[in-house]
Amino acid sequence: MSVDFIRVCRATLTKDLRLEWRSRDVINAMLFFALLVVVIFSFSFDPTAEESRHIAGGLIWVAFLFAAVVALNQTWARELRNDVLDAYRISPAPANALFLAKAIGNFLFVSILELLMTPLFVVFYNLRVLGSASSLALLAALGTWALVVNGTFFAAISLRTRSREIMLPLLLFPISIPAIIAMVNGTTAILTGEDSARFWLVLLGAYDVVFTTGSMLLFETVLHAE
Amino acid sequence: MRRAFPILAVATLAFLGYAFYAAWFVAPTEQTMGNVQRIFYYHVPSAWTAFLLFFLNFVASVQYLLRPSEVGDKIGKAVALGIAALTCVGAFLIKPLPYELEPGAVATTGIMIAGIYFLVRGFFSERGTDILALVSAEVGVVFCTVVLVTGPLWARPVWGIWWTWDVRLTSTLVLWLIYVSYLMLRKLSTSGETPKLAAALAVFGALDMPLVYFSIWFFRTQHPQPVIGGGGSIDPRMLRVLLINWLAFLCFASLVCWLRFQLETMKRDVEETQALEALLEPGALR
């Protein structure tokens, strides 16, 4: 990794974070959206039942997944204004640095969302972690990276389609199914303390490695395909 | 094309007719399931054909991405040869093979993977690989739909349920979802370089499949599942009919793919000519 790579990456990341810090568009929209999902879910079953611990893993991740799409859709749409994306294309900056910066930015946004929403879930659904909390944190980090690395990549693809807002979930959800299965089952295993979440952590790790490599190899092609 | 197509179409139809006859009248009736089991001669060949077409889509997409650069082309060739060599060596060195696989069959599969890669490389131009990827995904989705429809039709009388979230059923469904999303991208894309975007998605989809399979496999084997007619042996007469049907389905799929390929090539030629004509004086190309 050259110095140039790190510099471009850091510059893009700071720019995105600064933009978000000043406007707070994405975070606010995501938070409110996730809150709505939590509240609406609570009507579909009895949230106080002992059962809730078994389905909470699924609920949490479905809420985060839907909310993450809000952030991911903004990733590149923001660069269309003033033709910033075209400027990126003709600049000699490495395309992967741009991709990595965007993915890290999204990772931070979704992580903040998760940190703020988890206490709410705990309160609303009367949860108590029976397994190890540290592996839950690891699972959350791996799962979030799995979502955002693919999401950032597919957002760049869906940028070139009609009705791009709807195209992103159509591409992202089918491919993310193994990651979603791992996140949901791993979380349930840790929350209930019944099973070990080891397999799911390994699977998520493999998923992250495969798709991070794939995205890094193919992103330049996708960025220049206009 | 014009002359060969009717002949091939009639031949394929005749073959399909014979396969139908074999499935309904030649193959023995299964003891416990009865005639319901005959759907097997449509279900399994469709599944194999669909998987083969999706694999073809993957190979064509990889080549579409690699071919333009010389280094990429070399890497692609080396990887294809490496897969063939590794499976051949592994098949005969690792003993015993998992799931009691035949070493010969494993080695043949490895060689076939490389063979398909080089066949596609030799027979298709760069534009051709893109059209091949599109066509194989389209026809593959059709055959995969046949699998997903005939499966529940058989399951209802035999298992007593239409659907179960078993590993095979679920992973086939996910496969279908991935390729439908691929076709939607091709349909909705407004980019001038849709083929590249689609090829990237196809590679992602193919990378995803092993992970899909493992995740569902672990997910489902942890929980009890409905009893499924496990391994066991198959009557040789049934196997023969199955293979005849598969061959007939393959012929049919190739015919449809070929027709679709010609159609798509023609469509793109027309579009290119129209684009050129728009730039030049009207009628300059005639």
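Author: Helices here are DSSP runs of H or I with at least four residues, strands are runs of E with at least two, and both are numbered from the N terminus. This is a predicted model, in which local features need pLDDT of at least 70 and side-chain atom pairs count only at pLDDT 80 or more, while totals for chains, interfaces and linings use all residues. Residues are numbered from 1 along each chain as its sequence is written, and chains are lettered from A and ligands numbered from 1 in the order in which they are written.

Chain B has eight helices and zero strands. Its C-alpha atoms fill a box of roughly 75 × 45 × 35 Å along the principal axes. Of the 286 residues in chain B, 30% are buried, that is, have 20 or more other C-beta atoms within 10 Å of their own, with C-beta atoms placed from the backbone; 12 or fewer count as exposed, and values in between as partly exposed. Two residues are in contact if their C-beta atoms, placed from the backbone, lie within 7 Å. Among contacts in chain B between residues at least 6 apart in sequence, 77% join residues at least 24 apart.

The part in question is the packing of H2(B), residues 40-66, on H4(B), residues 103-123. Two packed helices are described by the angle between their axes and the distance between the axes. The axes of H2(B) and H4(B) come within 10 Å and cross at roughly 55°; such axes are lines fitted to C-alpha atoms, for helices over the stretch in contact, with angles from 0 to 180 degrees between N-to-C directions. H2(B) and H4(B) are therefore oblique to each other, since angles under 35 degrees count as roughly parallel, over 145 as roughly antiparallel, 65 to 115 as roughly perpendicular and the rest as oblique. Their crossing is right-handed: the near helix is turned clockwise from the far one by less than a right angle.

At this crossing, B:Leu56, B:Val59, B:Ala60 and B:Gln63 of H2(B) meet B:Ile116, B:Tyr117, B:Val120 and B:Arg121 of H4(B). These residues divide into six nonpolar, one polar and one charged, where Ala, Val, Leu, Ile, Met, Phe, Trp, Tyr, Cys and Pro count as nonpolar, Asp, Glu, Lys and Arg as charged, and the others, Gly among them, as polar.

As for chain A, A:Asn126 is found in the loop between helix H5 (95-125) and helix H6 (133-158) of that chain. With 14 other C-beta atoms within 10 Å, A:Asn126 is partly exposed.
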